[in-house]
Amino acid sequence: MGGIVFLDLRDRAGVVQVSFDPNFASAEAIAMAGSVGRESVVLIEGEVVARPDQGRNADLATGDVEVKAVSMRIVGPAETPAIPVVLGKGETLPSEELRLRHRYLDLRRPELQANIILRHRLMQTTRRYLSDRGYLEIETPILTKPTPEGARDYLVPSRVSAGEFYALPQSPQLYKQLLMISGFDRYFQIARCFRDEDLRADRQPEFTQIDIEASFVSAEDIYSLAEGLIAALWQERGIAVTTPFPRLTYAGAMERFGTDKPDTRYGLELFDATDAFRSTEFSIVRSAIEAGGRVRGVRIPGGAALSRKQVDELEALAKGAGAGGLLRLKREKGELTGPPAKFLSPDQGAMLGVAEGELCVLVAASDRVSSPALDRVRQEAARVMQLVPANTVRFLWVIDFPLFEKDGATATLGAVHHPFTAPHPEDLALLDSAPEKARALAYDVVLNGTELGGGSIRIADPEVQRRVFNLLAIDDATAQQRFGFLLEGLRSGAPPHGGIALGFDRIAMLLSGASSLRDVIAFPKSTAARALFEGAPTTVPPDDLHDLHIRLAEDEEALR
């Protein structure tokens with residue numbers, strides 16, 4: 001412009017305009033500025049000056065100033081970038097796969113840089129908050145013993161012990177319990193964890209959690225500590241959090257919302273309509289009730305105005321969650337209509353409580369089927385009807401989880417959380433008579449329908465731990481082989497202890513407004529668990545496998 005060359009100079013602090021004016025800059029610097037490639041790394045010397053009034057840019061944080069350059073050096077010349085870093089007008093982001101392949105360029109985007117900087121601040125806030133309360137940051141092993149519970153382990157072969165393997169930790173659970181036994185009564189760690197499982201937008205094979213454990217504490221102590229930490233983290237984004245958080249039992253959450261991580265920003269609570277249908281001739285419903293199921297549903301205010309297509313989409317969600325379909329009723333002009341209406345007397349119809357303009361959708365099935373189906377319907381209905389308030393945070397504790405869950409096919413018991421969770425003291429006797437009814441001293445913290453983390457008071461009594469193992473079909477010999485180091489520690493004198501783990505990546509994602517965990521992790525894996533920027537995982541030379549005492553099967557027949 002009039003012989004002046006302008007550049008946008010960017011670093012992690014932001015962007016500033018640089019001008020090369022022939023009255024100040026050398027001819028060499030001006031020529032270099034006119035030809036330098038995008039994304040090149042440069043050193044510029046000059047003076048920070050105010051821009052002319054007509055040249056100010058209100059959309060830029062540094063828009064009132066510019067650097068009037070005197071000299072310039074190109075120290076990192078760049079080829080044409082494989083992906084754009086700063087989008088021009090009308091440009092859209094390249095595919096995520098391409099951006100993950102060139103992550104070093106993608107990380108130059110101001111949005112991702114802001115996310116990573118926020119992540120740093122959240123880490124420091126966590127450390128300050130817990131350190132100020134007497135918690136010690138202690139690292140636990142990354143090469144650990146394989147565990148049979150939970151997700152698949154990532155296994156690491158041992159070179160020096162042929163045929164034996166380490167595992168990468170799914171969590172520091174056993175180590176932090178050992179630290180309590182060792183007398184380190186306040187522990188925390190920003191822990192790296194690994195799980196070989198299918199990925200989603202909110203899941204990665206390696207992830208970070210805020211791991212906390214303390215001795216001589218009750219669940220109330222953990223609630224208070226975690227609420228204070230969460231409030232401090234949200235304050236980093238200028239969001240005030242009200243404490244204490246409301247609490248809801250697991251049984252109450254499942255009955256009212258169909259999920260153990262309910263979004264309480266809106267209503268649409270589930271209700272039981274079994275009595276209204278119990279004496280009807282509606283065969284589908286009667287069969288479900290006679291089989292031990294119930295009729296449960298959701299009343300959607302204004303839902304009578306939804307189109308047939310929109311209601312069909314709600315039904316598709318219910319079917320995707322396992323339901324056979326939805327029973328549909330609506331009230332318009334005072335009349336209850338829909339296929340089930342002809343089986344209901346006026347009194348039975350009134351029992352459903354469907355108000356004018358409401359749509360009522362019902363599922364007749366066992367709770368195991370109806371709960372997840374109606375949970376999906378409830379969430380989608382809230383979205384379609386625009387019932388979810390913007391910029392609202394609703395935290396919630398879900399407490400009193402079952403200690404065990406029974407497999408529907410085999411009737412065997414499994415641990416709802418993990419086998420080291422303490423039974424509720426009031427339910428200890430149920431371990432002998434009805435263990436599936438026993439509650440656990442376990443708790444999850446939920447935000448707007450997303451689980452942020454969970455924890456429990458642990459089993460400190462080795463005899464109770466043995467009983468729980470036996471109920472999980474882990475006999476004494478197997479328990480000793482798998483968890484002997486923990487059992488020996490418990491027998492050495494263990495204080496009562498408990499803790500919680502909060503998903504740090506998920507917290508960073510929510511606070512940054514990102515839609516994926518990959519946007520708050522510097523070098524994430526793809527949905528296929530691949531590190532595209534470096535080409536991992538990859539094959540290794542045969543000699544390396546030989547050193548690790550590993551031989552690859554040549555074909556599927558050999559694998560059998």
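**A helix pair and a strand hairpin**

Student: Which residue of β14 is the bridge partner of R331?

Tutor: The bridge partner of R331 in β14 is L336. This is a predicted model in which local features need pLDDT of at least 70 and side-chain atom pairs count only at pLDDT 80 or more, while totals for chains, interfaces and linings use all residues. Residues are numbered from 1 along each chain as its sequence is written, and side-chain values use heavy atoms, with hydrogens and water left out.

Student: How many bridges join β13 to β14?

Tutor: Three bridges join β13 to β14 (residues 335-337), and the two strands run antiparallel; strands pair if DSSP finds at least two bridges between them, and a strand is a DSSP run (E) of at least two residues, a helix one (H or I) of at least four, numbered from the N terminus.

Student: And what about the turn of that hairpin, which residue has a positive phi?

Tutor: K333 takes a positive phi near 55° in this hairpin, which has two residues between the strands.

Student: Which strand is joined to β13 by four bridges?

Tutor: That is β15 (residues 359-365), which runs antiparallel to β13 (residues 327-332), and in β15 the bridge partner of K330 is L359.

Student: Switching to helices, at what angle do α5 and α15 pack?

Tutor: Helix α5 (residues 173-181) and helix α15 (residues 476-490) pack at about 20°, with their axes 10 Å apart, where axes are lines fitted to C-alpha atoms over the stretch in contact and angles run from 0 to 180 degrees between N-to-C directions. That angle makes α5 roughly parallel to α15, a term for angles under 35 degrees.

Methods:
Angles under 35 degrees count as roughly parallel, over 145 as roughly antiparallel, 65 to 115 as roughly perpendicular and the rest as oblique.
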